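Biologist: Hello! I am new to this structure and would like to understand the words used for it. Could you walk me through them?

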Amino acid sequence: MSQIDNDTICAIATPPGRSGVGIIRISGDGVAAVASAIIGKLPEPRFAHYSNFRDADGSIIDQGLALFFPGPNSFTGEDVLELQGHGGAQVLTALLNRVQSLGPRLARAGEFSERAFLNNKIDLLQAEAIADLIDASSEQARRSAMRTLQGEFSRQIHSLVAAITAIRVNVEAAIDFSDEDIDVMSDTGVGTAIQDSLAALQTIFERAEQGALLKEGINVVIAGQPNAGKSSLLNTLSGQDSAIVTEIAGTTRDLLRQEINLNGLPIHVTDTAGLRDSDDPVEQEGVRRARAAMTQADQILLVVDSNQTENWAEQLSVLALDELSDENAKSVLRRTTLIANKIDLRPGVEPHMQSTDYQGVTLSVIHLSAQQQLGIELLISRLQDLVGFTANEEGVFVARKRHLDALASAHNYLNTAAGGVSNHAPLELIAEDLRLTQRELGQITGEVSSDDLLGEIFSNFCVGK
Ligand SMILES: Nc1nc2c(ncn2[C@@H]2O[C@H](COP(=O)(O)OP(=O)(O)O)[C@@H](O)[C@H]2O)c(=O)[nH]1
Ligand SMILES: [Mg+2]
């Protein structure tokens, strides 16, 4: 576990730029000395104190509010002083220099939150939720981050850990009494209790998975032959005229990225150059970048002209699957949805979805018109279904890949323990699997965590947080 540095830290807590108010935050034992030097006294705890902020020579740098929160009843758990002055770059720099000249050093990114964690003011999930709340890109993401910050995710993990502790106690008892003529394992219902915990773990995982989607979103790449209507589809999805659309094949060369929010699910869409052989070096580079983007995509939307859907093999040849290993080719196909565009040119064809088999993989085909905005809702619900996204975010808490990995691994250990119980495996092995389950869960809240992990998590925060 990281040792907390005892030195006093300071940072500008408001974003750079011009604003009515700019805040400097100071935390640590040196706070009292800073307060008396700059404002002449230590303000009464938790009262706003209006004051001059003075430089070493007595001149006034700025005027504003000073707020003092004595430890342990502060965000970091240490003495904290906030100087709320005016939000100009020169004002804040001068004030920060003055604070530093009195001893405090500049805080590292996330160091205030790290101290709050190390002083047990918040657990690791909550510390991460602060960063996620600040970064929230949608109303749903904000609400789910707030749920984690209020401790909902942590409470569910804790109650799971408590249930597994109770099971471990019974398994340990069974080990102690194994020579005697009583069956502690079945008397105490260990098997059923493990099944209950497995179900609870599954529910938490599903909520966390939704939360991770709200936070991270999915990468969608629009690909296909020139003039299929890729850029039109990007424009329709994003509701903006972002990409140039012309009837000239080869218009798009650069990758064009747009962030779209579909009912709270962030979608990072990339429009690409049409896939064809070309002598033009600029276009060749565009095609190369398009292919590279496709390998990174969670979903590839392969746009084709709906007049040319008789021969899928020909349409799918632009994916250049024969240049890939069998496994990679399958992976590309599994990530591909076919978009049969321009149905407005085909009298009698309504927007619809069908499927087609290709090389043993079933692909969905969505018939729509990007330009006339017909059938776009089919595509949107298809994208949401693909990642299992539900617009109902009740009980969903923001989560990261780190949490999902730990939950999945906890599920594995617990499942092994369940199998051990039904197969009458040695009790010591079952006890060990339960211990490992708990260890994985402890990593989520930060009860068990390495310095490396903590360093990585907090360094992604902004300074002053
Ligand atoms: N009728 C019709 N034309 C479309 C549709 N989508 C795109 N187009 C036209 O097809 C041409 C190529 O479109 P564009 O989006 O630039 O295709 P890209 O080369 O794949 O990016 C343009 O003239 C578009 O107006 C559609 O749904 N219906
Ligand atoms: Mg284009």
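Biologist: Which helix gives the most to the shell around ligand 1?

Modeller: Helix α9, residues 230-238, gives the most, with three residues. Please keep in mind that this is a predicted model.

Biologist: Which residues come nearest to ligand 1?

Modeller: There are 22 residues around ligand 1, and the nearest are Gly229, Lys230, Ser231, Ser232 and Gln371.

Biologist: How is the shell around ligand 1 made up by class?

Modeller: The shell has 13 polar residues, five nonpolar ones and four charged ones. Gly is counted with the polar class.

Biologist: Thanks! What kind of peptide bond joins Gly71 and Pro72, and how do you know?

Modeller: The bond is cis, with omega at about 0°. Most peptide bonds are trans. Pro72 is located in the loop between β4 (60-69) and β5 (80-87).

Biologist: Now the helices. How do you know whether α4 and α5 are roughly parallel or roughly antiparallel?

Modeller: The axes of α4 (residues 124-135) and α5 (residues 139-149) cross at roughly 155° and come within 8 Å. An angle over 145 degrees counts as roughly antiparallel, so α4 and α5 are roughly antiparallel to each other. The contact involves Leu125, Gln126, Ala129, Ile130, Asp132 and Leu133 on the α4 side, and Arg142, Ala145, Met146, Thr148 and Leu149 on the α5 side. By class, this contact of α4 with α5 has seven nonpolar, two polar and two charged residues.

Biologist: In which hand does α4 pass α5?

Modeller: The crossing of α4 past α5 is left-handed.

Biologist: Why are α6 and α15 called roughly antiparallel?

Modeller: Set the angle against the cut-off again. Helix α6 (residues 152-176) and helix α15 (residues 427-445) have axes that cross at roughly 160° and come within 10 Å. With over 145 degrees as the cut-off, α6 and α15 are therefore roughly antiparallel. The crossing of α6 past α15 is left-handed.

Biologist: Which residues meet in the contact of α6 with α15?

Modeller: On the α6 side they include Ser154, Ile157, Leu160 and Val161, and on the α15 side they include Leu427, Glu428, Ile430 and Ala431. The residues of this contact of α6 with α15 divide into 14 nonpolar, four polar and four charged.

Biologist: And how do you know how α8 and α14 run relative to each other?

Modeller: The axes of α8 (residues 190-216) and α14 (residues 401-422) come within 10 Å, crossing at roughly 160°. The cut-off of over 145 degrees applies here too, so α8 and α14 are roughly antiparallel to each other. Helix α8 passes α14 in a left-handed crossing. In the contact of α8 with α14 there are 16 nonpolar, seven polar and two charged residues.

Biologist: One last thing: what domains is the protein divided into?

Modeller: An automatic or database assignment gives domain 1 (9-122), domain 2 (133-213 + 397-446) and domain 3 (218-386). Between the C-alpha centres of domain 1 and domain 3 there are 52 Å.

Notes. Residues are numbered from 1 along each chain as its sequence is written. Chains are lettered from A and ligands numbered from 1 in the order in which they are written. This is a predicted model: local features need pLDDT of at least 70, side-chain atom pairs count only at pLDDT 80 or more; totals for chains, interfaces and linings use all residues. Axes are lines fitted to C-alpha atoms, for helices over the stretch in contact, and angles run from 0 to 180 degrees between N-to-C directions. Helices (H or I, at least four residues) and strands (E, at least two) are DSSP runs, numbered from the N terminus. Angles under 35 degrees count as roughly parallel, over 145 as roughly antiparallel, 65 to 115 as roughly perpendicular and the rest as oblique. A crossing is left-handed if the near helix is turned anticlockwise from the far one by less than a right angle, and right-handed if clockwise. Two residues are in contact if their C-beta atoms, placed from the backbone, lie within 7 Å. A residue is near a molecule or strand if its C-beta atom, placed from the backbone, lies within 6 Å of it.
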